[in-house]
Amino acid sequence: MREATLALPILAARFERGDPGTVNRWAGSSDGKLAAATLRGSPEAYGELVRRHQTAVYNVAFRLVGERQAALDVTQDAFVRAYRSLQTFKQDLPFGPWIKRIATNVALSWLERRAPLVSLPRRQNESGEDTGEETLSDESAEPERVYLEGEAAQALRGAILALPVHYRAVVELRHFQDLAYDDIAATLGIPLSDVKSHLFRARRMLRDRLEHDR
Amino acid sequence: MSHLSGDVLNLYLDDELASGERGAAEAHLRGCPDCRRELNALRGLSARLAGLPLEPLPLDLAPLVLRRIESPRPGWADRVGAGLLVGQVIAVALVAAWYLTQSSQPDVLGPGWFWLAQPVTFFLPWIDSLVAGFAPSLPDVGGEIPTGIAMENLQVGGIIVLLLGALWVVSNRMLLADGRNARRGEQGRS
């Protein structure tokens with residue numbers, strides 16, 4: 001690994017300059033082979049894994065934390081954490097679902113650590129009862145997002161971010177990572193009954209909010 | 001007519017119902033437009049979530065991740081090594097200061113030796129008292145331990161510390177070289 005330490009700054013510099021002599025000898029390798037090569041001491045193989053999955057992981061983070069810079073930080077943290085526990089990755093399985101689960105937990109930790117800047121008001125139903133759903137004072141804080149995304153997508157992102165964090169996590173794992181209930185429970189470390197109640201309630205909230213925003 | 005509960009509809013949507021329950025749910029759905037409408041609403045939400053476009057990644061994170069991997073936080077071994085080095089430096093400084101205080105011609109060193117010598121002459125008896133108090137059975141290796149630290153032992157100790165320090169620097173030369181090369185590589189990249 002020490003030789004890789006010395007070689008890496010040179011290799012990274014050549015990647016960035018687009019040196020054809022070193023462009024992506026890992027491009028045709030499977031995720032498992034890249035992981036194995038990384039464990040044998042080839043960090044550039046891990047760089048290829050990062051490039052393959054960074055957009056997907058970034059979107060996991062962005063859906064959960066709702067802020068671009070925070071999502072970038074969470075994405076980096078997720079890949080670093082994955083590197084440090086790479087020996088636990090089963091190389092015959094795809095890398096994507098594994099790293100996305102790690103990213104989900106990193107994002108949730110980030111949300112737990114962050115002190116809320118604003119006390120978000122809770123949405124009330126017609127009877128004036130607290131629905132438990134947080135409302136965002138400004139869901140379009142980044143004007144370029146309105147320009148780049150359709151209103152429907154923007155409304156959906158806002159609806160997801162308005163969910164309580166633990167509901168948001170279950171929606172992410174079920175709808176965007178296609179995990180079964182048991183796997184969601186194992187990933188989040190919660191009982192199966194909580195997965196069901198969170199998911200069903202989250203869907204109800206999403207539908208209500210999207211109906212309300214029409 | 002009773003309807004399927006929200007829980008059952010959600011479980012049906014997610015294919016999490018047992019086969020017997022699934023059959024019963026399907027039979028009910030065939031005859032209940034309200035439940036079919038509710039199920040379709042859930043399917044519509046699922047489809048809408050599935051259609052959420054991907055947010056483009058604004059930059060390539062691979063170099064940043066690799067840089068973090070290559071610059072890990074120091075582990076306990078690194079900290080112990082750093083602590084030993086600091087201890088060696090302090091020990092060498094104390095021994096050197098002691099020699100200065102023993103100089104028979106303090107005027108040669110100028111007035112500064114007084115400010116260097118005073119902490120040392122205060123510190124050494126304190127060490128002496130600690131050693132005498134906590135290690136009364138230390139062997140007498142050539143001086144007045146345990147009743148007092150013999151200056152000869154301190155001289156020997158200082159020489160040993162100097163040799164160990166030199167040995168550490170020599171044995172760690174490759175690490176120092178790696179650090180220099182890594183920094184040169186980063187500077188070249190920027």
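Let's start with surface. Chain A exposes about 10700 Å², and carbon and sulfur atoms supply 50% of that. These accessible areas come from the Shrake-Rupley method with a 1.4 Å probe, and for residues only the protein chains shown count as cover. For chain B the accessible surface is about 12400 Å², with 65% belonging to carbon and sulfur atoms.

Quick housekeeping. This is a predicted model, where local features need pLDDT of at least 70 and side-chain atom pairs count only at pLDDT 80 or more, while totals for chains, interfaces and linings use all residues. Residues are numbered from 1 along each chain as its sequence is written, chains are lettered from A and ligands numbered from 1 in the order in which they are written, and side-chain values use heavy atoms, with hydrogens and water left out.

So what is chain A built from? Ten helices and two strands; here helices (H or I, at least four residues) and strands (E, at least two) are DSSP runs, numbered from the N terminus. Reading from the N terminus, the order is α-α-α-α-α-β-β-α-α-α-α-α. Chain B has nine helices and zero strands.

How much of each chain is buried? In chain A, 51% of the 214 residues count as buried, and in chain B it's 25% of 190 residues. Buried means under 20% relative accessible area, exposed means over 50%, and partly exposed is in between, with a 1.4 Å probe and protein chains only.

Contacts next, and contact means heavy atoms within 4.5 Å. Take the contacts in chain A with a separation of 6 or more: residues 24 or more positions apart account for 56% of them. In chain B, among contacts between residues at least 6 apart in sequence, 48% join residues at least 24 apart.

Now the inside. The largest nonpolar core has 79 residues, and A:Tyr46 and A:Phe95 have the most contacts inside it. α3(A) gives the most to this core, with eleven residues. By nonpolar core I mean a set of buried Ala, Val, Leu, Ile, Met, Phe, Trp, Tyr and Cys residues joined through side-chain atoms within 4.5 Å. And what does A:Phe95 touch? Leaving out residues up to four places away in sequence, its partners include A:Tyr46, A:Leu49, A:His53 and A:Phe79.

Stay with α3 of chain A, residues 43–65. Its axis and that of α8, residues 165–176 of chain A, come within 10 Å and cross at roughly 145°. Axes are lines fitted to C-alpha atoms, for helices over the stretch in contact, and angles run from 0 to 180 degrees between N-to-C directions. On the α3 side, A:Val60, A:Arg63 and A:Leu64 meet A:Arg168, A:Ala169, A:Glu172 and A:Phe176 in α8(A).

Most residues other than glycine have a negative phi. A:Asp178, in the loop between α8 and α9 (181–188) of chain A, has a positive phi near 55°, and at 60% relative accessibility A:Asp178 counts as exposed. Over in chain B, B:Asp15 has a positive phi of about 60°. B:Asp15 sits in the loop between α1 (6–13) and α2 and is exposed too, with a relative accessible area of 52%.

That's my tour; happy to go back to any part of it.
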